Amino acid sequence: MNIRNKYLIEIDNFHNLVKELADGRIYELTGVNGNSSASTLANKINKSFDEIINLIEKNEDGTWESIEKENNQD
């Protein structure tokens, strides 16, 4: 399994957070309570990136790979 497939969910989460920022969906711009503040979004992006790197460094299963393994045990 390649890295993109192994960590599909983690990578998608990271991309979604960056897309929110790129689309300007931050509270300071929109005033919408459901949108994250710029600092909260930056913290989420950093955390998401660190999680992906830690999984890769430890060669641990990504969420999608864990789900696939669980489904194949049934």
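1. On the basis of the model: because it is predicted, local features need pLDDT of at least 70 and side-chain atom pairs count only at pLDDT 80 or more, while totals for chains, interfaces and linings use all residues. Residues are numbered from 1 along each chain as its sequence is written, and side-chain values use heavy atoms, with hydrogens and water left out.

2. The axes of helix H2 (residues 8-22) and H4 come within 9 Å and cross at roughly 160°, where axes are lines fitted to C-alpha atoms over the stretch in contact, and angles run from 0 to 180 degrees between N-to-C directions. H2 and H4 are therefore roughly antiparallel to each other, a term for angles over 145 degrees.

3. On the residues between H2 and H4: contact, meaning heavy atoms within 4.5 Å, is made by residues including Phe14, Leu17 and Leu21 of H2 and Leu41, Lys44 and Phe49 of H4. By class, this contact of H2 with H4 has 10 nonpolar, two polar and three charged residues; Ala, Val, Leu, Ile, Met, Phe, Trp, Tyr, Cys and Pro count as nonpolar, Asp, Glu, Lys and Arg as charged, and the others, Gly among them, as polar.

4. On Lys44: this residue belongs to helix H4 and is partly exposed, with a relative accessible area of 40% (buried means under 20%, exposed over 50%, and partly exposed in between, with a 1.4 Å probe and protein chains only). Leaving aside neighbours within four places in sequence, Lys44 is in contact with Leu17 and Ser36, and although Lys44 and Phe14 are 30 residues apart in sequence, their C-alpha atoms are 8.5 Å apart in space.

5. On His15: this residue of helix H2 also counts as partly exposed, at 47% relative accessibility.

6. On H2 and H5: H2 packs with helix H5 (residues 63-73) at an angle of about 145°, their axes being 5 Å apart. Here Leu8, Ile9 and Glu10 in H2 meet Thr63, Trp64 and Ile67 in H5, a contact with four nonpolar, one polar and one charged residues.

7. On Ser37: this residue sits in the loop between helix H3 (27-30) and helix H4 (38-57), and a polar contact of 2.9 Å joins its side chain to that of Thr40. A polar contact is a pair of N or O atoms within 3.5 Å; within protein, one must be able to donate a hydrogen and the other to accept it, and residues adjacent in sequence count only if both atoms are side-chain atoms.

Technical notes
Helix = DSSP H or I, 4+ residues; strand = E, 2+ residues; numbered from the N terminus. Parallel < 35°, antiparallel > 145°, perpendicular 65-115°, else oblique.
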